[in-house]
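I set down here, in order, what I looked up in this structure.

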Amino acid sequence: MIAIGSIPLIMTLGNSMLIPILPAMKKHLELTQMQVSLTITVYSIASAIFIPILGYLSDRYTRKIIIIPSLVLFIIGGLISGFAAAMFSNAYAWIIIGRILQGIGASGTASIAMALTGDLFKGQEQSHVLGIFEASNGLGKVLSPILGALFGLIVWYAVFFAFPIMTVFSLLLVIFFVKEEGLRYPPPPFKKYVRDLLSIFHLEGRWLFVTYIAGGTCLFTLYGILFYLSDILESHYQIEGVIKGLILAIPLLFMVSTAYMTGNKIGKDFPLMKRLMLVGFILMTSAYLLLAFFKNLIIFVILLALSGFGVGLSLPCINSLITGSVEKENRGFVTSLYSSVRFIGVAIGPPIFARLMEWSHIGMFISLTVLTFVVTLLILFLIKVTDKEPTQHHPIRYTYY
């Protein structure tokens, strides 16, 4: 459980630790706001592209065969970015290359670890581990602004070297402590695999689509607002360093603690999962609406904490719905596609928020309010849950329609 939980922790640090040092990177490399946001965007786009491919490979072979080389590639990408920033005056292009390699490495880690959780744990224990998984993801978000700010005190590019060091520990944990049985039967032919997936999305596409969109929306708003908050803390309030990191961590702390408790409570109670998702998105919608009209820093952070609470309620439920929806043979692809959507949300957050920041403070948060309200309606009307158990004729755990 610790080995699996370490994977999303490391992958989250791979993006979020950069947020506190983005203003310094912008200054030292003489970049525009859009250019500096691309250091997060290219990582996430590369991940989104390769996640379904590696998800398919993990279904055909084993999860560890994909996870271990991916962690190694993540280490290599961090070293390329770090050495380029330390040695070259015009290091931006090399940093982008390193970030792309890190993104490809990340594509074979967290999403595959989620599928691995579904393979190794069942029932209440599965929901508990998925809660730990999401809490670990959130813990990375809590620690990352603080760690990023601390490493930034050494030199702004120190975070690039921190990635490989931390990833080595996760790599060793996976190698020695994850015991995977592997395939005890030949992998299905590609055509059959595709037919099975098409059948899954034909039968369950509506609610899967909604859960994918909900997860992507959570990550889009979360990273976009952190990008916005990181900028205004320096430009408007002259708050830098560790204090800035601590402020950025407040809404994330609410998210991670809520995600952990939610994962422990939901079990396989599908109606409860839907209710918690609705409550979570209502809280997010309310917080973003109020944020449009408040600029006081204390009130701003309190409302962000409220939105973090909403995200923490929603994500473990989404994870459990998706992970428990299909059998092992197709789980890697389905969870990987979900992770792709999440990474796309992360990828488009900073550049879109960069444009919205130039447009209007009120307009930015009203747009977020409309987005989360629409997702709330989709959850309400398109996810229909039952308490029926799987039957012999329907061995896949379709409990939603």
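**Entry 1: the second largest pocket**

I find that α9 gives the most to the lining of the second largest pocket, with three residues. The model is a predicted one: local features need pLDDT of at least 70, side-chain atom pairs count only at pLDDT 80 or more, and totals for chains, interfaces and linings use all residues. Residues are numbered from 1 along each chain as its sequence is written, and side-chain values use heavy atoms, with hydrogens and water left out.

I noted the terms for this entry. A pocket, on a 1 Å grid over the protein atoms alone, is an open set of points where a 1.4 Å probe fits, with protein on both sides within 12 Å along at least five of seven lines; its lining residues have an atom within 4 Å of a point. Helices are DSSP runs (H or I, at least four residues), and strands are runs of E (at least two), numbered from the N terminus.

The second largest pocket holds about 240 Å³ of space, a volume being the space filled by probe spheres set on the points, which are joined across faces, edges and corners. The elements that give two or more residues to its lining are α9 (190-235), α12 (297-323), α13 (328-359) and α14 (361-382). I counted 13 lining residues, of which Y228, I232, H236, K295 and H361 lie nearest the centre.

**Entry 2: the chain**

I recorded 14 helices and zero strands for the protein chain. Of its 401 residues, 60% count as buried, that is, under 20% relative accessible area with a 1.4 Å probe, protein chains only. Among contacts (heavy atoms within 4.5 Å) with a separation of 6 or more, residues 24 or more positions apart account for 85%.

**Entry 3: helix α8**

Does the length of α8 agree or disagree with its residue count? At 1.5 Å a residue, taken times one less than the number of residues, the 20 residues of α8 (158-177) should span 28 Å; the end C-alpha atoms are 30 Å apart, which agrees. The buried residues of α8 include F160, F163, M166 and L171.

I looked up Q102 in helix α5 (residues 92-107). Q102 counts as buried because its relative accessibility is 0%. Leaving out residues up to four places away in sequence, Q102 touches Y43, F74, G77, G78 and F163; F163 is also among the buried residues of α8.

L219 is found in helix α9 and is buried, with a relative accessible area of 4%. L219 and R342 are 123 residues apart in sequence, yet 6.0 Å apart in space, C-alpha to C-alpha.

Note on methods:
Buried means under 20% relative accessible area, exposed over 50%, partly exposed in between (1.4 Å probe, protein chains only).
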